[in-house]
Amino acid sequence: MTINLIIMLFMVAAALWAVLARTLLKGSIALAIASAALALLIFRMNGPLAAVFELSVCAGLITVIFISTISLVQPFTPQEVAARYAARFKRFWPLLVLLAVVTVICLKCWTFPACGQALPESADVMALTRDLLWKARQMDLFGQVVMLLAGVFGVVILFKEENPS
Amino acid sequence: MNGEFSSLVPFFGFFAILLFVIGLYCVVMSRNFIRVLIGLEILTKGVTLLIIAAGYLTGKVALAQTLAITLIVLEVVVVAVAAGIVIAVYRRNNSLDVTQLRKLKG
Amino acid sequence: MKEAMNLPNQLILLPLLAVVVVNLPLGLRWAAMLGGVFFSIYQMWTMVFLPPLETGFFDLQIDGLSRVLLLSIGLVAFVSILAARGTIRDKRERFYFYNLVLLAMVGMNGLVMVRDLFSLYVFIEITSVASFILIALRRELDGLEGAFKYLIMSAVATAMMLSAVALLLLATGETSFAKVAEQMRLGGSGLPVLAAGLFVAGLLIKAGSVPFHGWLPDAYMAAPNAASILLGGIVTKTTGVYALIRLMQDGMFGTGMSPVLLLAGAVSIVAGALAALGQRDFKRMLAYSSISQVGYIVLSLGTGTALGVVGAVFHLFNHAVFKSLLFVNATAVEDRAGTRDMNQLGGLAARMPVTGFASVVALLSTAGVPPLAGFWSKLVIIVALYKSGHPVYAAVAVLASLLTLAYFLSMQRRVFFGKLREGLEGVKEAGWYVLVPTLALTLITMGVGVLIPWMFGSFVLPMEKF
């Protein structure tokens, strides 16, 4: 459990970095790192399939989407970056205070175990997941298919180059 | 509910709350479309963590895992559509400043 | 095999099939509109004439509540597809529009039939994504901004709802409506209450209730006209309000949320109506009016009684009819006169008699003037409020009807009555693709009002048995 704690601390730190990072590129890379940390955590919590998805889709595909979006829009000049960074910091330092307050409140109200014990691993998570996904939750799979189709329309319509008219 | 169970809930809940606070703050305060999306992603990370933790703590990892997989697939579609909107905005406006748009209307 | 194609399955598989077929390289792109029209008519027909209570493949169910919603979905989709044919000039854009409406229909049909919290979220997402793209369809700055705002608010709402699902999973170990409700009855305190609060807040965002309404006017106004009909008529009602009704009906949250719903509903009614009074843009005014009318539905749910739920569902159906009618009228006006600014319009009733008349019917129904449909549903809501011991809220509901009448009469006077504005002499009545839905919706609004005994017997009262 101590390792889980370290991973989660690392994840929150990465998320914070993603918000405060100087450039958008660094921000999206920090987000990918947070995703990877979450994937590791999911893996340690007996969820290897979800971990693979988190790693490949969230840390991989979404980062690719972010970076290609960033590269399609014009980058700022270094002066602009510096000016915006200063302005950002002015708007974002209350976040650090807020996080500290939330932490204090949580620590006061809850008692944290220094080192909790993981529940015993269930017998065959993989087989159970497969059964659930393909038999009990077909509706969600169907939904995923429709959603992907809608996504295709979105990409086709929105990414299309503008007519020169 | 045994003692061990109840003491583990805050452990994950605390970090999920931290992620929610960071993500929401980023969504509300950011001026750049892409940074707003990063905030949304952090929010979703918190949700994923919460779902997996819920499954882990109730011994229903398999169920939580299936839910998380669906959530991740839907999430990527939303992000792709959002990115499409961002690029289209940029092509129209040559700017990604949220405030420039919000000034137009009250 | 026969069982595999029973009604609930058809309702989600057929529109998907239509989308797939018209997009295959078979030269069938022209069939997209026909597919949409036929399917929506089929959906309405089955909902009116076939017995409800069928269980589909993946535990999909049609009960009384789903039936009313499915009927409204079919109706509004039908209207919106015809209006798109009449007003969207670009062929490609129109093709995409039909496809997206069909996909949104898959989402909405699925979401009113599922019996599982997580699947509910999945279908809400499908509907929402189709709506984002519909709003941004023309890729003009306004539309993109509206879509982005909607996307952000919707994603935050989704995060709240999913956290609630996770908390319920933690507390009960289940996600299906029946099992969660069962567990909630056994012991509902702590985590479940927090979960209920989060879920309701998320749904109120999706429904565009005050104080979470910021995205709604922009999204409605900026969308292409035909898409506004779909959004204003049904999308936010299914994604937000329907889920609230369903969860109340299944006793998922007990009565703990009642005060919140009552307050949110009352504030929405008044704030929406007051904001609508000050608008110049036709569609923006209708958007604020939507916020106000959704307030009535939420208020009615807040009573927590069976009669309150009945009133909410009945008003939801009526709202789908008269709000789509008003949006169709706005579409016709903008299409012919070239502007939605009400201060630049005037006297259009002389040039567009059918639209002008339909607008009068719709506004009277919205304001709750007897014997039109809106009167009856508002009556049910007010009686439900009074009976459950909320006379103050009942009074708010009655008085707000006057506000509704005020802003709509102001609209009618500025757009349709009075002397014809200069420059509008050449305006002609809207084309058939817009007139057919106008007439159909006008007839339904008047018919429901006159045929109220039959409506009550076959649609409204069956909902009460739960």
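**Close-up 1. A ring cluster that draws on chains A and C.** In this predicted model, ring pairs join A:F153, C:F95 and C:Y96 into a cluster. One of these rings also has a charged neighbour, for the charged end of C:R29 sits over the ring of C:F95, at 3.9 Å from its centre.

Close-up 2. Over all chains the count of aromatic pairs comes to 13. One of them is formed by B:F14 and B:F15, an edge-to-face pair with 5.1 Å from centre to centre and 65° between the planes; both B:F14 and B:F15 are buried. The rings of C:Y150 and C:W215 have their planes at 5° and their centres 4.3 Å apart, and because planes under 30 degrees apart count as stacked, this pair is classed as stacked. C:Y150 belongs to helix α6 (residues 141-172) of chain C and C:W215 to helix α9 (residues 215-222) of chain C, so the pair ties together parts that lie 65 residues apart in sequence. Under 20% relative accessible area is the criterion for a buried residue, and therefore C:Y150, at 1% relative accessibility, counts as buried, as does C:W215 at 2%.

**Close-up 3. Helix α17 of chain C and its surroundings.** Helix α17 (residues 391-415) of chain C has 25 residues, which at 1.5 Å a residue should span 36 Å, and the end C-alpha atoms are 36 Å apart, in agreement with that expectation. The buried residues of α17(C) include C:A394, C:A397, C:A400, C:S401, C:T404, C:Y407 and C:F408, and among them are also C:M411, C:R414 and C:V415. An α-helix has 3.6 residues a turn, so residues three or four places apart point the same way.

**Close-up 4. Salt bridges within chain C.** The whole structure holds 17 salt bridges over all chains. In one of them C:E125 is paired with C:K206, their closest N and O atoms being 3.7 Å apart. This pair links distant parts of the chain, with C:E125 in helix α5 (residues 117-135) of chain C and C:K206 in helix α8 (residues 191-207) of chain C, 81 residues apart, and both C:E125 and C:K206 are buried. A further salt bridge joins the side chains of C:R138 and C:E140 at 3.9 Å, N to O. Here C:R138 is partly exposed, with a relative accessible area of 33%, and C:E140 also counts as partly exposed, at 39% relative accessibility.

**Close-up 5. The interface of chain B and chain A.** In this interface 63 residues of chain B are in contact with 79 residues of chain A, and the area buried between chain B and chain A is about 6,800 Å², of which carbon and sulfur atoms give 79%. Across the interface there is 1 salt bridge, in which the side chains of A:E54 and B:K45 meet at 3.6 Å, N to O. The pair crosses between chains, from A:E54 in helix α3 (residues 48-72) of chain A to B:K45 in helix α2 (residues 33-58) of chain B.

Definitions and conventions: Residues are numbered from 1 along each chain as its sequence is written. Chains are lettered from A and ligands numbered from 1 in the order in which they are written. This is a predicted model: local features need pLDDT of at least 70, side-chain atom pairs count only at pLDDT 80 or more; totals for chains, interfaces and linings use all residues. Side-chain values use heavy atoms; hydrogens and water are left out. Rings of Phe, Tyr and Trp (its six-membered ring) pair if their centres lie within 6.5 Å; planes under 30 degrees apart count as stacked, over 60 as edge-to-face and the rest as tilted. Buried means under 20% relative accessible area, exposed over 50%, partly exposed in between (1.4 Å probe, protein chains only). Helices (H or I, at least four residues) and strands (E, at least two) are DSSP runs, numbered from the N terminus. A charge sits over a ring if NZ of Lys or CZ of Arg is within 6 Å of the ring centre and within 35 degrees of the ring normal. The expected span of a helix is 1.5 Å times one less than its number of residues. A salt bridge is a side-chain nitrogen of Lys or Arg within 4 Å of a carboxyl oxygen of Asp or Glu. Contact means heavy atoms within 4.5 Å. Buried area is the accessible area (1.4 Å probe) that two parts lose on being put together, summed over both.
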